Amino acid sequence: MTQIEFHFNAPHKLAYVCRLLRKGAAQKSRLFVVAEKDMVERLDSALWALSPIDFVSHCVGLDNALLSRYSSVIIADALRPQSGVGTAVNLQPDVPAHFDHFERLIEVVSDDPSDRAEARVRWKKYTELGYSLLRRDLNLKVGG
């Protein structure tokens, strides 16, 4: 069963996701990020803007099979299971289709009230589906 984690209270959601992806890539993990089109573009740009020593190999979409096979991170507007990709990151307002094909799903939630409200709906949906959820409050990490 997919392990689902909610990372709450990300003050700068895009910056947090970049750090999360950088850490995953450094650990030789492959990740699939699902986001709405504008966020896909913003995340792509943000990953290119990381310093050269923090480069995260990534691709947008799945049109180039070779590129998507060798990238640490795949970013797209629809979640699709990929060989060797065990972790998905959801940045969309809804529960993504096919999330249960991944070993792990991370929901990143900012401190914005509308983002938190959408996350509550997803939380409820996952629990109705029988998943046990892990909650990580990012505010708690700041102080300690």
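Colleague: Leaving aside its neighbours within four places in sequence, which residues is V73 in contact with?

Modeller: Keep in mind that this is a predicted model: local features need pLDDT of at least 70 and side-chain atom pairs pLDDT 80 or more, while totals for chains, interfaces and linings use all residues. Numbering starts from 1 along each chain as its sequence is written, and side-chain values use heavy atoms, with hydrogens and water left out. V73 sits in strand β4, residues 73-76 (helices, H or I, are DSSP runs of at least four residues and strands, E, of at least two, numbered from the N terminus). With contact meaning heavy atoms within 4.5 Å, the partners of V73 are L21, L31, V33, V56, S57, H58 and C59.

Colleague: Is V73 buried or exposed?

Modeller: The cut-offs are under 20% relative accessible area for buried and over 50% for exposed, with partly exposed in between (1.4 Å probe, protein chains only). V73 comes in at 0% relative accessibility, so it counts as buried.

Colleague: And how far is V73 from V33 in space?

Modeller: Along the sequence, V73 and V33 are 40 residues apart. In space, C-alpha to C-alpha, the separation of V73 and V33 is 7.2 Å.

Colleague: Moving to the core, which element gives the most to the largest one?

Modeller: A nonpolar core here is a set of buried Ala, Val, Leu, Ile, Met, Phe, Trp, Tyr and Cys residues joined through side-chain atoms within 4.5 Å. The largest has 23 residues, and L21, V33, L43, V89, L91 and V108 have the most contacts inside it. Two or more residues come from each of α1, β2 (31-34), α2 (37-48), β4 and β6 (104-110). The top contributor, with 6 residues, is α1.

Colleague: Which residues of α1 are buried, then?

Modeller: Helix α1 runs over residues 13-26 and reaches 20 Å from its first C-alpha to its last, close to the 20 Å expected (1.5 Å times one less than the number of residues). Its buried residues are K13, Y16, V17, C18, L20, L21, G24 and A25.

Colleague: What about H98, what's its phi?

Modeller: H98 is in the loop between β5 (87-90) and β6. It counts as partly exposed, since its relative accessibility is 41%. H98 is not a glycine either, and its phi is positive, about 70°.

Colleague: On to the aromatics: what is the angle between the planes of F8 and W123?

Modeller: Rings of Phe, Tyr and Trp (its six-membered ring) pair if their centres lie within 6.5 Å; planes under 30 degrees apart are stacked, over 60 edge-to-face, the rest tilted. The whole structure has 8 such pairs. F8 and W123 form a tilted one, 6.1 Å centre to centre, with the planes at 45°.

Colleague: Where in the chain do F8 and W123 come from?

Modeller: The pair links distant parts of the chain, 115 residues apart. F8 is buried, given its 6% relative accessibility, whereas W123 is partly exposed at 27%. F8 belongs to strand β1 (residues 3-10), and W123 to helix α4 (residues 113-128).

Colleague: Which residue has its charged end over the ring of F8?

Modeller: F8 is in a ring cluster with F6, F99, W123, Y126 and Y131. A charge counts as over a ring if NZ of Lys or CZ of Arg is within 6 Å of the ring centre and within 35 degrees of the ring normal. At 4.4 Å from the centre of the F8 ring, that charged end belongs to R135.

Colleague: Last one: how many disulfides does the structure hold?

Modeller: A disulfide needs a pair of cysteine sulfur atoms within 2.5 Å. The sulfur of C18 is 15 Å from the closest cysteine sulfur, in C59, so that is too far for a bond. C18 is buried at 6% relative accessible area and C59 is buried at 3%. The number of disulfides is 0.
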